[in-house]
Amino acid sequence: MTDLVIRPLHAGEGSLFDTLAVPQLVGFGVFGRKFAEMWAKGEYRPEWTWVALRDGELVARAAWWGGPEDTEPVALDWFDFTDREAAVELLRAPGFHKAEYELALPADWRERPEVVAARQDRVDAAIAAGMRPLVDRFRYTWTLEDGLPERPGRLEYRPEPDDEVVHAAFLRIQEGTLDAHARRAIAQGGLKQAADEEMEFLNWMPSPREWWRLAYTPDGDLVGITVPGRNYGGAVVGIIGVVPEHRGHGYGYDLLVECTHLLVEAGETRVMAATDVGNKAMAAAFERAGYPVTQERAVLEWPA
């Protein structure tokens with residue numbers, strides 16, 4: 001077999017990334033994202049965008065993404081190949097082991113054999129490189145045309161400027177959580193690590209700190225937290241969580257509706273959100289609130 005060259009792209013080489021002849025069945029390209037546009041805006045950095053070449057021909061490509069202030073990538077966005085061996089080596093070469101692979105999939109992917117095959121090819125290559133599946137997630141996109149649900153009116157919402165109070169709420173919320181990322185953090189470092197990671201994520205978002213809300217019963221008992229936010233792609237349901245003693249009463253729906261109203265009041269007309277496929281209660285809350293599933297994500301991680 002000919003020699004394989006694996007390297008990051010250089011400035012001015014962005015057009016090389018688009019020379020790989022693969023059908024657009026999975027990944028962000030299916031949903032209208034253009035690599036050339038992201039590259040031109042500097043959202044894909046040369047040092048985080050890698051290619052594998054045989055005899056000068058592109059046979060695999062991978063692009064990692066991070067926010068403007070990030071010093072290392074947080075997610076693998078693009079991963080395509082015509083040469084599986086090269087693809088496996090391509091994932092290993094940069095050493096970006098803190099970045100998860102988020103494989104974007106059409107909502108109906110299970111009904112389309114060609115998409116099932118494209119998904120499996122990429123998952124198998126990532127596993128061969130050393131990654132492992134973490135979770136499958138529903139992704140939602142709500143717009144005003146979907147209808148703004150009425151506030152249930154069961155809870156009171158208060159801004160909380162004290163990070164220690166919010167952190168203490170997360171310590172309670174993470175008990176018995178169904179969220180795969182939080183469960184991983186608990187397994188690695190207990191409830192404190194899980195709460196720390198939630199705080200780190202909230203502070204990473206470029207939306208105002210003043211948007212965070214703790215939710216209480218009329219008697220003043222803490223029910224949970226709802227955080228409308230913005231990431232670098234737009235408005236999002238940042239975090240919703242309910243403390244263990246108040247689960248089973250549908251409060252996740254209340255928190256989601258409040259989050260949506262706060263974002264609309266801030267001028268947003270489009271809101272993105274996500275939940276693990278296995279979190280049946282939260283998935284039901286999104287459905288009830290009129291949030292349509294617009295894609296799924298297969299999430300893989302590097303072992304700690």
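Guide: Start with the cut-offs: a residue is buried under 20% relative accessible area, exposed over 50%, and partly exposed in between. Keep in mind that this is a predicted model.

Visitor: How does Thr294 count on that scale?

Guide: Thr294 has a relative accessibility of 31%, so Thr294 counts as partly exposed. This residue lies in strand 12.

Visitor: Which residues does Thr294 touch, leaving aside its neighbours within four places in sequence?

Guide: Contact means heavy atoms within 4.5 Å. With those neighbours left aside, Thr294 is in contact with Phe31, Ala107, Arg139, Tyr140 and Thr141. Take Ala107 from that list: 187 residues separate Thr294 and Ala107 along the chain, while their C-alpha atoms are 5.6 Å apart.

Visitor: Where is Ala107, and how does its accessibility count?

Guide: Ala107 sits in the loop between strand 5 (100-106) and helix 4. Its relative accessibility is 35%, so Ala107 counts as partly exposed. Leaving aside neighbours within four places in sequence, the contacts of Ala107 are Val293, Thr294, Gln295 and Glu296. For Ala107 and Thr143, 36 residues apart along the chain, the C-alpha separation is 17 Å.

Visitor: Now strands. Which strand does strand 12 pair with over eight bridges?

Guide: Two strands pair if at least two bridges are found between them. Strand 12 (residues 293-301) pairs with strand 6 (residues 132-143) over eight bridges, in the antiparallel sense. As an example to find in the model, Val135 has Val299 of strand 12 as its bridge partner.

Visitor: How many bridges join strand 6 to strand 11?

Guide: Seven bridges join strand 6 to strand 11 (residues 270-276), and these two run antiparallel. Here Thr141 has Met272 of strand 11 as its bridge partner. Thr141 is also one of the contacts of Thr294.

Visitor: Last, the helices. At what angle do helix 3 and helix 4 pack?

Guide: Helix 3 (residues 84-92) packs against helix 4 (residues 113-129) at about 55 degrees, and their axes are 8 Å apart. Angles under 35 degrees count as roughly parallel and 65 to 115 as roughly perpendicular. The two helices are therefore oblique to each other. Their crossing is right-handed.

Visitor: Which residues make that contact?

Guide: Helix 3 contributes Arg84, Val88, Leu91 and Arg92, and helix 4 contributes Asp124, Ala125, Ala126, Ala128 and Ala129. Sorted by class, the contact has six nonpolar residues, three charged and no polar.

Note on methods: Residues numbered from 1 in each chain as written. Predicted model: local features only at pLDDT ≥ 70, side-chain atom pairs only at ≥ 80, totals over all residues. Heavy atoms only, no water. Helix = DSSP H or I, 4+ residues; strand = E, 2+ residues; numbered from the N terminus. Axes fitted to C-alpha atoms, helices over the stretch in contact; angles between N-to-C directions. Parallel < 35°, antiparallel > 145°, perpendicular 65-115°, else oblique. Left-handed = near helix turned anticlockwise from the far one by under 90°. Nonpolar A, V, L, I, M, F, W, Y, C, P; charged D, E, K, R; others polar. Buried < 20%, exposed > 50% of the residue type's maximum accessible area, 1.4 Å probe, protein only.
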